[in-house]
Amino acid sequence: RRKNNSESLFKKKSGEKSTKLLFHHTTTSTRRKKQRPCVVAFKEEHKETANKKMSTHALLLDELSGKVFEGNTKLTVDVILESNQQLNAIGEYELDLQKKGIKTIENLGGTCDQFDSIDLSKNEIIKLEGFPKLKRLHTINLNENKIEKINGTNLSENVPKLEWLMLQNNKIRNLVDIDELGKMKRLRCVILKGNPVCALENYRAYCVYKLNDGLRMLDFERVYAKEREEAKKMFEGDDGKAAKAKTFTVGKRGGRDEEDEEEEKDDESKKKNKKGKKGKKHDEAELAKIKAAIANATTLEEITLLEKAMETGVLPSEYNKNE
């Protein structure tokens, strides 16, 4: 009896404790539910402020790393020292100057000729010049700039070991600039893809003809001996004059934009109307002489002068003396 009575008492006490515990749990849960909206609102506000701070910090880091550069930034010695200096995928010691907003190449003497490769891609460079004497440098990356002119003498004299030159997606329009590239005698790989020059007829053959015999790759395609022989046949001798006349077409300068061409056509139509009103007519013999002079022209200045002569119909005195 005593045992039974003790067990019943223990059960009652344990049941009371369990009910108390359940009641306490329910009350605490309801209290938590009541407090949740305030806590959630506070957390959301805290998250918003934290996100704003993170965004500002990210922008500052981007500016410091060179991802965001608004305005014109000069290539100074401080910029060179603060930029990344690392080994690239080929194992060359490279100076990373991409996305700096650079417009002119200058102060590269601050590198002390310690780099095999310089990456100047994704900037706003207009002219390819301004290199000091860098005897170690043999790779230059200038993709996605605004390059229109090339100074071949500067590169050939100051960067004698230059072998890799990347000029993809620039604004090179004239084949005269390819003549400038021909001054660099150690070039092995040249990339001009994405430039308006590539749209010209016989562009690849002219590049293979003008550049040195050591050229192995042009626009990600290998240059073979047969292609080099065909280019020489095309541009050497009497047949070469006809090929040059095709590449240097009258009234066009290598691969301009469509808007510029439309403006030129409008100007030409206006000039023709004015000439028709005045009643001026040019001799066919003079025009034939001018066309022959354009076919034999070698520089851009001669071509522009003869194009003006086509409009007036009078051959310059210099060419008459030569004849």
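At 4% relative accessibility, phenylalanine 115 counts as buried, because this value falls under the 20% limit. The model discussed here is a predicted one.

**Aromatic pairs**

Three aromatic pairs are present in the structure. One of them joins phenylalanine 115 to tyrosine 93: the ring centres lie 5.0 Å apart and the planes meet at 15°, so the pair is stacked. Whereas phenylalanine 115 is buried, tyrosine 93 is partly exposed, with a relative accessibility of 26%.

Another pair is formed by tyrosine 206 and phenylalanine 235. Their ring centres are 5.2 Å apart and their planes stand at 70°, so this pair is edge-to-face. Tyrosine 206 and phenylalanine 235 are both buried. Ring pairs also bring in Tyr209, which forms a cluster with Tyr206 and Phe235.

**Salt bridges**

Side chains of opposite charge can pair when their charged atoms come close. Seven salt bridges are found in the structure as a whole. Among them are the following.

| Glutamate 163 | Arginine 188 | 3.5 Å |

The bridge between glutamate 163 and arginine 188 links distant parts of the chain. Glutamate 163 sits in the loop between α3 (152-158) and β7 (164-166), and arginine 188 in the loop between α4 (176-181) and β8 (189-191), 25 residues apart. Glutamate 163 is buried at 17% relative accessible area, while arginine 188, at 30%, is partly exposed. A network of salt bridges connects Glu163 and Arg188 with Arg186.

Lysine 210 of helix α5 and aspartate 179 of helix α4 likewise form a link between distant parts of the chain, 31 residues apart. Lysine 210 is partly exposed, with a relative accessibility of 33%.

Lysine 183 counts as partly exposed at 35%.

**Cysteines**

A disulfide is a covalent bond between the sulfur atoms of two cysteines. How many disulfides does the model contain? The count comes to zero. Cysteine 112 is exposed, its relative accessible area being 55%. Cysteine 189, by contrast, is buried, with a relative accessibility of 1%.

**Helix α9**

Helix α9 covers residues 284-296, which amount to 13 residues. From its first C-alpha to its last it reaches 19 Å, close to the 18 Å expected at 1.5 Å a residue. Which residues of α9 are buried? They are Ile290, Ala293, Ile294 and Ala295. An α-helix has 3.6 residues a turn, so residues three or four places apart point the same way.

How values were computed: Residues numbered from 1 in each chain as written. Predicted model: local features only at pLDDT ≥ 70, side-chain atom pairs only at ≥ 80, totals over all residues. Heavy atoms only, no water. Phe/Tyr/Trp six-rings, centres within 6.5 Å; stacked < 30°, edge-to-face > 60°. Buried < 20%, exposed > 50% of the residue type's maximum accessible area, 1.4 Å probe, protein only. Helix = DSSP H or I, 4+ residues; strand = E, 2+ residues; numbered from the N terminus. Expected span 1.5 Å × (residues − 1). Disulfide = S-S within 2.5 Å. Salt bridge = Lys/Arg side-chain N within 4 Å of Asp/Glu carboxyl O.
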